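Me: I would like to learn how to read the features of a structure one at a time, with the general idea before the case. Could we begin with how exposure is judged?

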Amino acid sequence: RISVFYMASRAAVAAAAAASATRLSCDPSGRPSPWTSRQHVRCDEVPWWQIWRAGYPPETLSAEAKKLPAWARVGCNSSGYPPRKSFDSGECPEAMPDFANSKTAAGDVLSQRPRIWQRLRTRRTKLGFGLAGVVRPALECGDVDGEDTGVVAGDEESYETFGELMNPVISAVNGAFAPNQKHPTDLDFRNLIEAKFGPDDKFVDKVSIRTVRSVKGFRLPPAIEFDERREVEELVSNALDSLSEELRGTYFSLRGSRSQPERPKLPSKLSSKLQAEGLAVSAPSSLFPVVAGALRCWPDARGVFESQSGLVTVAVNVDEHVTVSSTGRAADFAEVFRRMVETCECIRSAAAARGKDFMRSDHLGFISSSPQNLGTCLEIHVEGTFPALSQRKDFIEICDTLGLAAELTAGRCVLRSAVGKLGISETFVANTVLHGVGTLVMFEQQLESGDSIEDLVVGTRRWGS
């Protein structure tokens with residue numbers, strides 16, 4: 001009887017696992033799910049009691065994923081977000097779906113030029129990423145404000161294989177950028193102009209510089225597989241262990257990750273700080289990464305490095321393969337920039353030692369999974385206060401003229417670069433911010449002294465113009 005019960009229980013669990021594998025038959029790119037991949041543990045190869053107790057990717061959801069809101073949790077299994085309006089197989093139908101309600105660049109392009117669909121629907125990259133994965137965000141969450149592109153890249157080749165769609169989307173969200181145009185790169189901090197922010201951090205006190213990098217040879221987050229993600233984490237975390245004395249720190253695994261059990265877990269205080277800064281280490285901030293497939297097997301093989309000084313953080317496999325953030329006093333702008341560059345170079349050198357490199361092309365510069373984050377992949381934020389200047393009705397307009405976007409919150413002003421990321425170098429972006437913020441500081445000092453700035457405002461120009 002015990003033997004019969006054992007065999008029946010094993011058969012029932014295997015049948016349930018097989019049914020689940022059938023329901024989750026394809027990942028976001030349309031390839032067979034990791035459930036059926038020989039690179040992953042299959043349910044019929046595991047003792048039944050382990051299946052019964054399974055609570056970790058790729059077999060099932062992790063305990064941490066189960067804590068997420070329902071809309072995010074559905075994208076954390078090994079196969080990703082279950083399609084509602086898109087497709088559960090890699091073959092796109094001959095009839096193009098309706099993109100009329102998609103408020104995205106991809107939806108506009110395909111609606112206006114439907115023949116693109118017919119030409120691209122059967123194409124795949126060498127790593128197996130298809131059009132179904134590319135346009136899934138446009139179909140699943142294209143009606144949500146703020147999701148501008150509607151497409152993602154599953155690997156480096158996606159931008160070439162689906163270039164007929166990607167190129168007009170890139171131009172729509174980054175400004176006109178010809179398919180044969182070259183992207184310049186300049187990471188030399190010695191080419192930065194002087195920061196003229198006034199004395200003693202009176203007006204501006206903090207700068208944050210963030211960039212992303214992707215490791216060549218691996219799929220990008222929307223399509224990366226379980227083992228690949230772990231390999232990226234191993235490569236990057238080991239590289240971070242070899243940083244210079246100035247940048248040395250600790251790599252923390254996200255809570256719930258079992259990829260590197262010897263690593264300490266991310267402290268709650270640091271997690272809250274990073275989440276507030278827009279890095280989704282505890283929960284996604286929007287539906288887009290969930291739909292795109294970036295949360296599959298959450299939180300396995302994700303982690304965050306923090307330097308001992310707290311001035312450098314590196315997120316691994318969170319938004320992209322690598323997200324580097326460097327912060328400091330605004331007056332030390334050049335040093336903050338240098339630390340960001342040095343951290344990236346350390347990771348690149350470690351990758352090169354294993355025959356890898358960062359994804360970069362002469363046309364698109366550094367590559368990420370989002371067409372909105374190519375080229376420099378650079379974001380620069382400067383925080384401060386402008387008590388007199390910010391009261392002017394044309395304050396936002398002045399900032400825009402200088403190539404800055406301004407956000408006023410509780411008496412504080414956050415200024416960020418708004419000159420784009422594609423077709424201009426890193427130092428050009430940084431110098432635009434340095435010149436723009438320096439000009440605002442000069443205006444504030446004039447107003448503080450009781451002088452008029454009307455003539456100065458009329459002659460305002462952004463850097464390089």
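Reply: Buried means under 20% relative accessible area, exposed means over 50%, and partly exposed covers what is in between, with a 1.4 Å probe and protein chains only. This is a predicted model, in which local features need pLDDT of at least 70 and side-chain atom pairs count only at pLDDT 80 or more, while totals for chains, interfaces and linings use all residues. Residues are numbered from 1 along each chain as its sequence is written, and side-chain values use heavy atoms, with hydrogens and water left out. Of the 465 residues of the protein, 52% count as buried.

Me: How should I read a salt bridge, and how many salt bridges are there?

Reply: Side chains of opposite charge can pair when their charged atoms come close. The rule here asks for a side-chain nitrogen of Lys or Arg within 4 Å of a carboxyl oxygen of Asp or Glu, and by this rule the count is 23 salt bridges. One of them joins arginine 190 to aspartate 188, with the closest N and O atoms 2.9 Å apart. Arginine 190 is exposed at 65% relative accessibility, whereas aspartate 188, with a relative accessible area of 23%, is partly exposed.

Me: Which residue forms a salt bridge with lysine 216?

Reply: The partner is glutamate 156, and the N to O distance is 2.9 Å. Lysine 216 lies in the loop between strand S1 (204-213) and helix H9 (226-240), and glutamate 156 lies in the loop between helix H6 (131-140) and H7, so the pair ties together parts that are 60 residues apart in sequence. The element names refer to DSSP runs numbered from the N terminus, with helices (H or I) of at least four residues and strands (E) of at least two. By this scheme the protein has 15 helices and ten strands. Lysine 216 is partly exposed at 32% relative accessibility, and glutamate 156 is partly exposed with a relative accessible area of 22%.

Me: In the salt bridge of glutamate 379 with lysine 421, how far apart are the closest N and O atoms?

Reply: They are 3.5 Å apart. Glutamate 379 belongs to strand S8 and lysine 421 to the loop between strand S10 (412-417) and helix H14 (426-448), so this pair ties together parts that are 42 residues apart in sequence. Glutamate 379 counts as partly exposed at 33% relative accessibility, but lysine 421 is buried, with a relative accessible area of 14%. Salt bridges that share partners also join Glu246, Glu335, Arg338 and Glu342 into one network.

Me: Is threonine 376 buried or exposed?

Reply: Threonine 376 is buried, its relative accessible area being 0%. Threonine 376 sits in the loop between strand S7 (365-366) and strand S8 (379-384). A contact means heavy atoms within 4.5 Å, and, leaving aside neighbours within four places in sequence, threonine 376 has contacts that include His183, Thr211, Arg213, Lys421 and Glu426. For the protein, residues 24 or more positions apart account for 73% of the contacts with a separation of 6 or more.

Me: What is a nonpolar core, and which residues touch the most other members in the largest nonpolar core?

Reply: A nonpolar core is a set of buried Ala, Val, Leu, Ile, Met, Phe, Trp, Tyr and Cys residues joined through side-chain atoms within 4.5 Å. In the largest nonpolar core, which has 61 residues, Ile209, Val314, Phe333, Ile380, Phe386, Val437 and Leu440 touch the most other members. Helix H12 (residues 333-353) gives the most to this core, with nine residues. Not counting residues up to four places away in sequence, valine 437 touches Phe197, Val204, Val382, Leu404 and Leu415. A second, separate core of 57 residues includes Phe129, Ala223, Leu266 and Leu279.

Me: Which helix gives the most to the lining of the second largest pocket?

Reply: On a 1 Å grid over the protein atoms alone, a pocket is an open set of points with protein on both sides within 12 Å along at least five of seven lines, and a cavity is a set where a 1.4 Å probe fits but cannot get out; lining residues have an atom within 4 Å of a point. The second largest pocket is lined by 14 residues, with Tyr159, Glu160, Ser361, His363 and Leu364 nearest its centre. Helix H7 (158-161) and helix H8 (163-174) are the elements that give two or more residues to this lining, and H8 gives the most, with four residues.
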